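Visitor: I would like to hear what stands behind the terms used for this model. Please set each value against its definition.

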Amino acid sequence: MRHRRSAAALAVVGSVALSIGLGTGVGASVRPAARVHHTTSHKTKARYPRTLAGSFAFYSGGDTNVQQLWQDVLIPAFNRAYPNIHVNYVFDEHGTNDVATLARVAQAEKNHAASGYALLESATNAVELAARQGLFIPVTTKDIPNSVNVPSASMKVVNSDAVPYRGSKVVLAYNSATVKNPPKTLAQLLTWIQQNPGKFAYCSPSGGGSGSYFVQSVLNSYIPQSVQEQLAFTSNSSLESYWSKGLAELHKLNPDMYGGGNYPTGNTQVLTLLGSGAVQMATVWSDQGTQALQDGQLPKSIKLVDLTPPFAGSPVYLGIPKYTPKNQAILASAFLNFVLSVPQQAKVVKRLAGFPGIKVSVMTKTVQSEFGVLGDGQSLPYAATISSDLNRIWQQQVP
Amino acid sequence: MSETSVSTEVAEAVVGGAGAPGAPAPRARRSRRSAEGGSRGGLAGLLGYLPVAFLLVFGGIPIVFSLLLMFGHLGGPNAAISELGQGEIPAHGIGTLGAITQLFENASYRQDIFATVMVFVVTAAVVLAIAALLTFWHRLRPSKPLAVLQFLAVIPLFIPVVIASFSLWTFWGDRGFTNSLAQLAGWSNGLIFSGRIQGVILAETWVSLPFAVLLLRAGVASLGDSSLDAGRDAGARPFTIARRIMLPQLRRECTVVFCFTAVGALGSFTVPYIVGPSSPVMLGVDAVNTYTAYNQPQQAAVIGFTIFVLAALIGCVYALGSRSRRVGRG
Amino acid sequence: MQGSELVLEQVTKSFSGAPAVDAVSLTVRPHEFLTLLGPSGSGKTTILRMVGGFLSPDTGRILIDGVDVSGVPVERRPTAMLFQQLSLWPHLNVSRNVSFGLELRHRPKQEIARRVHELLSVVGLAELGSRLPAQLSGGQQQRVALARALALEPRILLLDEPFSALDTKLRVELRTFVRSLQREVGTTTLLVTHDQEEALELSDRIVVMRDGHVEQVGSPTDIYETPATTFVAEFLGAMNFFTGAASGQQVRLAGDVAVPVDEGVLAAGDRLEMGVRPEDVVLDADAGLPARFTVEEVTSKGHFRALRLRCGALDLRAFVDKGVVVAPGDDVAVRFRKVHLFGSGGGGQVAPEAAAERPVAAPSAMAVRGASGTSGSGSRP
């Protein structure tokens with residue numbers, strides 16, 4: 001998810017594959033099946049009994065740090081709590097099979113059959129897209145009581161058909177040794193950029209989400225809230241005409257950018273510039289920034305902060321496919337509920353230097369302090385096709 | 001995943017273009033030979049067709065599909081790819097030039113083409129000049145420092161391009177070695193190449209030099225001592241010998257170095273992507289961005305085709321330059 | 001054309017510590033055709049390349065017409081070289097090959113054209129000016145190379161085994177041509193070769209080289225007739241060698257074979273090497289001579305016959321007139337028309353021999369002693 005560029009491309013692949021698999025009129029047939037599940041889970045109330053037994057398959061696309069998180073941390077912890085549940089963990093490095101796997105889920109859904117997986121996570125936003133297509137069982141606080149702590153915006157993106165268990169968002173990184181009064185809002189940031197030419201960098205939107213979300217924030221500052229939401233939830237490209245003012249503003253900023261409008265190619269280069277002192281401020285992914293601070297790649301003087309309103313973020317979702325056999329769906333729900341518990345979320349945060357799926361505010365004080373001034377809030381990123389258009393139009397109009 | 005598939009497509013276009021004027025001849029010859037073998041040798045003969053079939057299936061057919069996509073035929077084999085893409089211009093009848101005109105009417109695309117041509121022409125010329133200087137000079141006046149330089153020039157061969165590009169980007173950045181040196185000399189921000197088209201040329205040169213040096217070194221070694229001694233004996237200074245005796249005899253090698261460097265630079269992605277400026281970008285970067293980041297496969301096909309045409313032009317230079325009237329050597 | 005004098009003064013050159021040319025002094029007279037003859041590794045090519053400027057001497061001087069050219073680079077030396085390998089530039093046609101040096105000197109076009117035509121006529125290739133080198137035979141290529149070398153009107157012409165890449169017939173043809181051409185134009189010429197026949201045929205004088213130093217300098221006749229050392233004798237022409245001891249007016253060879261020599265040449269007891277050229281061996285019908293040689297082999301060489309004779313352990317090669325009738329198994333007596341005596345170990349010649357036939361006498365006992373020293377018994381063709 002961090003590398004929004006490839007994620008975006010895969011997302012589109014995903015949507016096509018899914019729509020091919022689904023044919024038409026998918027949305028309508030979803031709910032009844034889900035309701036069946038509701039009635040079963042109703043009895044379980046908040047907690048699942050320790051005696052639950054059986055096994056289910058969990059597809060997970062991601063980098064090896066994700067694999068280690070599941071295999072070394074979360075699944076062993078789950079097995080201590082539920083010794084009779086076997087999680088059949090299927091890992092796919094870099095999520096190269098995300099699209100194919102979700103196409104299989106879509107095909108199964110079309111045939112009202114089980115897909116073979118009771119739980120899915122993707123390295124790209126394939127699961128998010130599948131959720132929007134209605135391929136998953138809706139998440140409720142009855143089935144998964146701990147989902148009550150998940151920020152509502154994250155749930156809204158996927159129509160509550162999947163649940164985020166971790167995430168990352170774009171934040172402002174600045175060098176506290178030289179910048180004493182960091183900007184609090186986007187307007188202050190833009191002013192700072194103009195007053196300190198060459199000291200701010202964001203990567204080109206094609207190359208990384210950390211640049212893309214900065215651009216989206218600038219564009220959104222000229223766009224009514226309702227249109228912003230449409231850009232996030234629909235593929236209505238006619239709304240792109242709202243961008244003209246924001247793009248003009250960005251173009252005007254060119255000479256004040258690092259290298260006089262020399263946009264780093266990707267997220268990594270931005271961190272390099274920040275670390276070398278070439279720039280004093282930049283937009284970075286929160287998890288990459290945190291990781292770089294821990295590794296010493298960034299000096300301790302670099303601080304990560306949210307603006308008000310914050311930049312967009314990308315949660316990583318887990319979903320339970322529709323038509324998953326009832327007993328397996330219960331096991332998967334038990335697992336999901338476990339993963340969303342505060343202690344397990346703390347492990348996620350620690351292990352991946354990421355955001356929890358649940359609100360930071362419900363985390364323990366120690367975990368909260370890890371985030372410093374970073375808050376819960378994050379804006380909604382543009383939908384995939386809109387985001388692709390933004391990449392192209394930015395390239396044509398800004399540098 | 002999708003990024004991989006587009007870069008193969010670009011690469012195919014490039015390879016096809018470069019090979020077009022030069023390669024078909026031997027290939028045709030080979031297939032004729034294998035045809036004879038087939039009538040005699042059965043299975044062995046059929047095996048001869050495998051490479052051809054391989055090329056057709058993995059090279060030829062995708063290129064045809066790509067051409068169809070470019071002209072707006074979004075159905076059939078292109079259905080999947082176009083359904084996922086956006087901004088398509090569909091064909092009515094035999095095809096549309098819509099995607100082509102759309103791109104070429106765009107000033108930034110024309111700048112990208114110009115920048116690409118400039119990069120590959122200058123890179124090829126610089127690489128040829130450096131490689132020729134190193135190898136010719138060492139042939140005429142062998143010396144330790146030159147031998148060391150030649151050795152150093154080959155090292156980039158063993159460094160992955162991604163790592164090299166990133167290092168060069170850092171090295172030539174405003175906090176990099178070159179600029180720090182310039183600043184020490186009191187020349188503020190005088191030596192920054194990262195994010196500039198000059199940086200792309202430098203990095204492409206760095207990446208292409210090993211092949212050029214190796215090839216010319218072999219070529220230069222094949223020249224007889226007495227041929228060069230006779231030149232000195234006739235009163236020619238080293239530069240004259242290089243220009244009038246060595247260069248004409250190594251015209252084919254020099255053409256190969258020039259054209260291969262040019263084609264390499266033309267189709268490159270990693271170097272301009274990491275080292276190059278945000279705008280203009282080289283066509284290889286443009287193609288990948290258009291496919292993955294802009295999600296416009298049809299327009300990406302047009303860019304691929306542009307690269308193909310440029311590669312074909314380089315191929316013409318190759319055909320002209322290697323058409324040798326030299327009979328004495330080899 | 002000019003005939004210049006070339007002088008080498010104490011020229012020394014080492015390659016990685018090993019001396020290739022060791023303090024060689026030499027004078028090549030104006031118009032002279034001088035040959036450096038020697039086996040490979042004798043330093044002859046090194047000398048030639050130093051004269052041409054391709055190598056510079058470690059010590060010593062090279063003077064052309066009294067001017068030290070040791071520091072003058074190749075391209076400015078008044079020398080021209082004809083190389084061993086075919087060295088024409090393959091991308092230039094014959095005329096352009098010849099005119100190359102003239103063009104570098106910015107001579108007027110017409111002059112260049114005239115000169116090229118003249119030179120190609122001299123080497124007999126006036127018609128082939130537009131051909132590329134690859135379209136010529138090896139011999140023609142060397143003629144063009146010769147024309148190219150002469151185009152610059154060198155004061156010294158250097159020939160580096162120029163005939164060795166050619167087949168026998170062409171080689172003979174070309175060297176005859178080179179000799180007559182050199183006589184005609186008169187350019188001082190230095191030839192390097194290991195081919196004694198070539199040296200004898202072409203040279204005014206020959207310098208025999210060995211291990212980086214000069215073994216003997218002289219006219220072909222001098223060197224052939226009076227070789228200074230066994231090395232020279234062996235290198236030029238064939239010679240039978242015998243180890244012997246002086247005994248009065250005789251040299252006693254192995255097995256008590258005795259050869260009478262001139263009075264006063266020998267001191268009693270001297271150990272020495274005696275050399276006899278095969279053509280100086282005369283078969284003698286005189287049955288009174290004590291030493292009898294058995295004919296072991298008869299080989300016809302066309303205009304003469306080569307015989308292998310044996311007397312005990314003494315092997316003797318003889319070249320005799322084709323009219324002499326002998327057959328293997330025949331017993332013959334021999335006379336030596338001329339013998340060469342060298343100090344023991346093959347050093348200087350003890351006595352340059354006058355032509356006087358020497359019967360070979362042998363007392364009764366035929367005990368045979370094996371040959372020793374640098375020049376063993378037998379002969380080298």
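**Interfaces and their criteria**

Guide: In this predicted model, 24 residues of chain C are in contact with 21 residues of chain B, contact meaning heavy atoms within 4.5 Å. The model is predicted, so local features need pLDDT of at least 70 and side-chain atom pairs count only at pLDDT 80 or more, while totals for chains, interfaces and linings use all residues. Residues are numbered from 1 along each chain as its sequence is written, chains are lettered from A in the order in which they are written, and side-chain values use heavy atoms, with hydrogens and water left out.

Visitor: What area is buried between chain C and chain B?

Guide: About 2000 Å², with carbon and sulfur atoms giving 58% of that figure. Buried area is the accessible area (1.4 Å probe) that two parts lose on being put together, summed over both.

Visitor: Why is the pair E103(C) and R244(B) called a salt bridge?

Guide: The rule asks for a side-chain nitrogen of Lys or Arg within 4 Å of a carboxyl oxygen of Asp or Glu. The closest N and O atoms of E103(C) and R244(B) are 2.6 Å apart, so the pair qualifies. Between chain C and chain B the count is 2 salt bridges.

Visitor: Which elements supply the side of chain C that touches chain B?

Guide: β6 (79-82) and α2 (94-104) of chain C each supply at least two residues. Of the elements, α2(C) gives the most, with 5 residues. Helices (H or I, at least four residues) and strands (E, at least two) are DSSP runs, numbered from the N terminus.

Visitor: How is chain A divided into domains?

Guide: Domain 1 covers 7-28 + 55-166 + 315-363, and domain 2 covers 170-312 + 383-397; such bounds come from an automatic or database domain assignment. The C-alpha centres of these two domains of chain A lie 29 Å apart.

Visitor: How much area do the two domains of chain A bury, and which residues of domain 1 lose the most?

Guide: The buried area is about 740 Å², 60% of it from carbon and sulfur atoms. On the domain 1 side, R132(A), K156(A) and A353(A) lose the most, together 49% of what that side buries.

Visitor: What makes E229(A) and K156(A) a salt bridge?

Guide: Their side chains meet at 3.4 Å, N to O, which is within the cut-off, so the term applies.
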